[in-house]
Amino acid sequence: MIHEGQRAEGRGQKASMSAKTITVNLKVWRQPAKDQPGRMVDYVAKEISTDMSFLEMLDVVNEDLMRKGQDPIAFDSDCREGICGSCGCVINGVPHGPDAGTATCQLHMRRFTDGQTITVEPWRARAFPVLKDLAVDRSAFDRIIAAGGYISVSVGGAQDANNILVPHDLQEQAMDSAACIACGACVAACKNAAAHLFTGAKITQLALLPQGHPERELRVVRMVEQMHAEGFGACSNEGECEAVCPKLIPISNIAKMIREYTRAVWAGVKS
Amino acid sequence: MTLDGKIPAGPLPEKWERRKFENKLVNPANRRKYEIIIVGTGLAGASAAAALGEQGYRVKAFFIHDSPRRAHSIAAQGGINAAKNYRNDGDSIYRLFYDTVKGGDYRSREANVYRLAQLSVDIIDQCVATGVPFAREYGGLLDNRSFGGAQVSRTFYARGQTGQQLLLGAYQSMLRQVDAGNVTLYSRREMLDLVVVDGQARGIITRNLITGELERNEGQAVLLCTGGYGNVYYLSTNAINSNVTAAWRAHKRGALFANPCFTQIHPTCIPVSGDHQSKLTLMSESLRNDARVWVPKNKGDKRAPDQIPEPDRDYYLERRYPSFGNLVPRDVASRAAKERADEGYGVGETGLSVYLDFKEAIERLGIEIIKARYGNLFEMYERITAEDPYKVPMRIYPAIHYTMGGLWVDYNLQSTIPGFFVLGEANFSDHGANRLGASALMQGLADGYFIAPYTVANYVAAATLPKLSTDHPAFQEAAVNSQARIDRILNVKGKRTMRQFHRELGRIMWDYVGMARNESGLRTAVDNIRTLRDEFWKDVTVPGEKNNMNPALDYAGRVADYMEFAELLALDALHRNESCGGHFREEFQTPDGEARRDDDHYSYVAAWEFTGVGAQPVLHKEPLEFQEVHPSQRSYK
């Protein structure tokens with residue numbers, strides 16, 4: 001949910017569907033492959049309709065590059081509806097750019113002004129190595145989930161769904177955490193490259209629900225250990241992650257994770 | 001070739017039970033000896049990987065994304081149907097079955113659909129047990145809503161993110177099997193060919209999208225779960241990377257392609273704003289539960305919507321379909337919007353949109369309730385259009401959304417190639433000529449969690465599957481072929497980008513093979529597709545190399561396959577001289593403009609055999625028999 005304040009700040013420009021065209025100056029991180037050095041390269045994007053999304057603008061730049069026989073800018077993107085979590089780059093120093101609660105694919109060019117310079121960089125974190133240009137490897141997130149971010153129920157023989165009662169408000173809180181799209185912006189925003197918000201969101205969702213309680217302690221211990229093993233940093237409580245999360249997941253999820261972790265460790269649970 | 005649907009004997013409600021009992025079993029200790037290849041990790045693929053892993057099979061899961069959770073199932077908004085009858089409003093397995101067969105315009109297999117309705121109940125139980133946060137009532141019980149043309153409330157949902165939550169549930173269950181060592185993930189891999197040895201599917205060739213390396217993967221069965229082909233229209237609600245490549249290459253290896261002309265146009269999408277547009281965004285049709293669709297009564301009425309008084313508005317769905325009103329099925333709602341726009345009553349700058357108005361609902365229910373129900377959809381709309389739908393009616397227009405056609409499978413979800421199974425949207429089986437809302441998620445999970453684990457096990461138990469090395473000539477040949485195609489694309493070195501070609505192909509498809517089709521248009525489409533395909537191979541430019549990450553090359557390969565597949569789609573539409581579901585032929589309509597089916601001549605599945613690029617494919621027919629539901633004209637009046 002976007003709050004009114006953020007809405008005013010983030011999407012205040014009530015331009016209509018009647019689009020303008022603008023020119024923007026891009027400085028884009030180009031890196032040919034994982035183990036090679038990269039650098040910022042300048043591009044001018046002309047005749048950009050303000051109705052375009054940010055990624056559609058990059059599509060246009062890439063079309064031009066390809067027509068000139070040059071290698072287009074590599075970036076991940078898929079659903080372009082802000083739900084798959086594939087896309088994301090650091091735009092003018094901010095993961096996913098200037099709009100609160102907005103993934104890169106849902107950022108529109110009406111947010112930028114004619115002649116503006118825009119820097120575009122990949123997520124930077126030891127645990128997210130750059131593969132090429134703006135595309136990074138986020139498989140560390142999958143390994144964190146594989147370390148216990150699930151409920152151990154095999155197919156077959158599940159009880160009737162309505163036998164598990166979940167109070168409405170609890171369910172809503174769980175859903176707030178479950179909304180995470182694993183884009184990695186939280187890691188990119190954090191000066192420590194911590195993955196606490198991502199990990200905390202899944203731990204919170206599963207800890208709130210009545211299902212899967214027998215494995216609740218083991219889950220948090222294993223997931224937190226995996227998170228550290230992947231090379232993500234520590235949390236120093238600055239809230240940068242929450243500020244850039246396209247799903248506006250709050251850092252109370254981190255507090256919940258730490259409570260869960262402490263509780264489990266005090267209970268003597270080891271992975 | 002005779003197409004045997006392998007439908008079990010006996011009355012409908014007992015067929016699946018009977019098939020499960022007939023199936024051969026694999027001893028638990030032997031299961032780890034079987035390697036099962038799964039391509040695609042959306043709802044169907046992830047749930048199949050989880051279920052087969054849980055049983056003890058060794059599963060290799062391949063996907064084009066960086067993480068299995070990116071699959072496009074994640075974008076489904078509205079919900080998932082199940083015949084739970086928690087509302088006590090007259091729902092039952094039989095009614096869900098009946099609605100789905102009727103909604104599919106009598107072009108699906110009764111036995112498959114009945115099984116789907118039966119399994120719908122288990123799906124909800126399974127998903128809740130794995131922690132999917134479905135919406136709840138204050139008493140803690142599951143909430144339901146009515147959806148997409150159903151007269152009962154049988155749709156379970158998780159805000160506007162049901163697909164996301166179901167996919168994450170299946171993904172987590174799959175990762176649990178990764179943790180257990182039963183499933184291995186292969187990220188950023190694209191399937192380029194199916195390897196068939198002695199008539200059996202025994203492996204796939206994949207391209208590692210980071211290194212460019214071609215890889216040979218061997219297994220005892222291959223499950224294709226790669227979704228639909230909506231992006232052949234260029235603009236669709238599909239994700240940018242959704243593609244037909246894996247299915248098409250399998251088709252070229254002998255798997256028949258069924259009913260490709262059954263494509264679904266979703267009525268409530270955000271209209272196109274310009275040439276730069278890379279995709280269309282769907283607004284869940286749950287919006288139609290509370291909104292009213294209208295256009296001005298007078299052509300060219302340029303007044304702002306709030307300046308147009310009630311008598312000057314045409315609530316055309318309510319007018320034409322008084323009993324279903326704004327909740328008519330997708331195909332009917334889409335065609336009605338097109339009809340108004342074609343007649344010159346459309347709104348917006350392009351005239352290619354209609355209003356979806358919440359004013360009355362906001363007055364009746366209050367803004368808070370509307371916000372709770374549709375808040376995230378309103379946000380999304382505003383983000384894209386910069387218009388506030390709480391104040392101004394939304395503007396919507398139909399867009400390609402889902403494809404009912406797909407690779408032909410029998411009741412066991414096995415294609416015409418033994419050992420090659422097709423699940424989810426990639427197959428053709430359950431939705432006939434039109435899919436009802438909240439049924440795609442249901443089918444994906446039914447196929448993956450509950451059907452394939454039984455039928456694949458039966459296959460590996462019964463088949464003779466000799467040991468095989470990836471040096472086998474069949475692997476060699478497939479790898480060489482895949483490499484040759486990549487080299488051919490890179491060597492064209494022309495002037496036009498693959499996106500230009502894709503956009504042009506999309507325009508042909510939308511203009512001539514879109515919401516309304518006719519014979520001469522379809523012939524034009526076939527000609528134009530062939531010409532464009534020739535131009536592609538003479539003039540496409542793909543920069544970069546084959547031996548590293550090259551998204552442009554990946555994309556060009558997919559466009560090349562669309563160029564071939566598009567022709568089959570058009571030919572199928574041309575051969576089907578009737579209107580049914582998503583396939584509307586202008587020559588075949590009733591005097592009041594409704595679809596006119598021809599059950600005497602077209603009550604069959606059209607399964608096409610590949611005979612070469614540009615060559616006439618061979619048609620095989622699987623007759624459809626209706627024992628329970630008697631085909632009638634669908635009426636929503």
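1. In this predicted model, helix H4 of chain A (residues 168–178) and helix H6 of chain A (residues 196–208) have axes that come within 8 Å and cross at roughly 160°. Angles over 145 degrees count as roughly antiparallel, and that makes H4(A) roughly antiparallel to H6(A). The crossing in which H4(A) passes H6(A) is left-handed.

2. Which residues make the contact between H4(A) and H6(A)? From H4(A) they are Leu170(A), Gln173(A), Ala174(A), Ser177(A) and Ala178(A). H6(A) answers with Ala201(A), Thr204(A), Gln205(A) and Leu208(A). By class, the residues of this contact are 5 nonpolar and 4 polar, with no charged residue.

3. The domain assignment of chain A gives two parts, each written in two segments: domain 1 is 4–10 + 17–131, and domain 2 is 139–153 + 166–266. The C-alpha centres of domain 1 of chain A and domain 2 of chain A are separated by 28 Å. Their contact takes 18 residues from domain 1 of chain A and 16 residues from domain 2 of chain A. On the side of domain 1 of chain A that touches domain 2 of chain A, the residues divide into 10 nonpolar, 6 polar and 2 charged.

4. As a whole, chain A has 9 helices and 7 strands. The radius of gyration of chain A is 21 Å, close to the 18 Å that the globule rule gives for 271 residues, so chain A is as compact as a globular protein of that length. The C-alpha trace of chain A spans about 60 × 45 × 40 Å along its principal axes.

5. Chain B contains 16 helices and 19 strands. For its 637 residues the globule rule gives 26 Å; the radius of gyration of chain B, 24 Å, is close to this, so chain B is as compact as a globular protein of that length. Along the principal axes, the C-alpha trace of chain B spans about 75 × 60 × 45 Å.

6. The next point is the contact between the two chains. It takes 68 residues from chain B and 76 residues from chain A. On the side of chain B that touches chain A, the elements giving two or more residues are helix H2 (43–55), helix H4 (110–129), helix H5 (162–179), helix H10 (367–385) and H15, all of chain B. Which element gives the largest share of that side? H5(B) does, with 9 residues. The residues of the side of chain B that touches chain A divide into 26 nonpolar, 25 polar and 17 charged.

7. H4(B), listed among the elements that touch chain A, also packs within its own chain. The axes of helix H1 of chain B (residues 12–22) and H4(B) come within 9 Å and cross at roughly 80°. H1(B) and H4(B) are therefore roughly perpendicular to each other, since angles of 65 to 115 degrees count as such. In H1(B) the residues involved are Leu12(B), Pro13(B), Lys15(B) and Trp16(B). They meet Glu110(B), Ala111(B), Tyr114(B), Arg115(B) and Gln118(B) in H4(B). This contact has 5 nonpolar, 1 polar and 3 charged residues.

8. Helix H14 of chain B covers residues 519–539 and helix H15 of chain B covers residues 551–575. Their angle is about 165°, with the axes 9 Å apart, and H14(B) and H15(B) are therefore roughly antiparallel to each other. Their crossing is left-handed.

9. Residues that H14(B) brings to this contact include Leu522(B), Val526(B), Ile529(B), Leu532(B) and Phe536(B), along with Glu519(B), Arg523(B), Arg530(B) and Arg533(B). Among the residues they face in H15(B) are Ala560(B), Met563(B), Ala566(B), Glu567(B), Leu571(B) and Leu574(B). The contact of H14(B) with H15(B) divides into 13 nonpolar and 5 charged residues, with no polar ones.

10. Chain B is divided into domain 1 (266–400) and domain 2 (480–603). The C-alpha centres of domain 1 of chain B and domain 2 of chain B lie 29 Å apart. How many residues of each are in contact? The count is 6 residues of domain 1 of chain B and 6 residues of domain 2 of chain B. Helix H8 of chain B (residues 330–342) supplies the largest share of the domain 1 side, 5 residues. That side of domain 1 of chain B divides into 1 nonpolar, 1 polar and 4 charged residues.

Key: Residues are numbered from 1 along each chain as its sequence is written. Chains are lettered from A and ligands numbered from 1 in the order in which they are written. This is a predicted model: local features need pLDDT of at least 70, side-chain atom pairs count only at pLDDT 80 or more; totals for chains, interfaces and linings use all residues. Axes are lines fitted to C-alpha atoms, for helices over the stretch in contact, and angles run from 0 to 180 degrees between N-to-C directions. Helices (H or I, at least four residues) and strands (E, at least two) are DSSP runs, numbered from the N terminus. Angles under 35 degrees count as roughly parallel, over 145 as roughly antiparallel, 65 to 115 as roughly perpendicular and the rest as oblique. A crossing is left-handed if the near helix is turned anticlockwise from the far one by less than a right angle, and right-handed if clockwise. Two residues are in contact if their C-beta atoms, placed from the backbone, lie within 7 Å. Ala, Val, Leu, Ile, Met, Phe, Trp, Tyr, Cys and Pro count as nonpolar, Asp, Glu, Lys and Arg as charged, and the others, Gly among them, as polar. Domain bounds come from an automatic or database domain assignment. The radius of gyration is taken over C-alpha atoms; the globule rule is 2.2 Å times the number of residues to the power 0.38.
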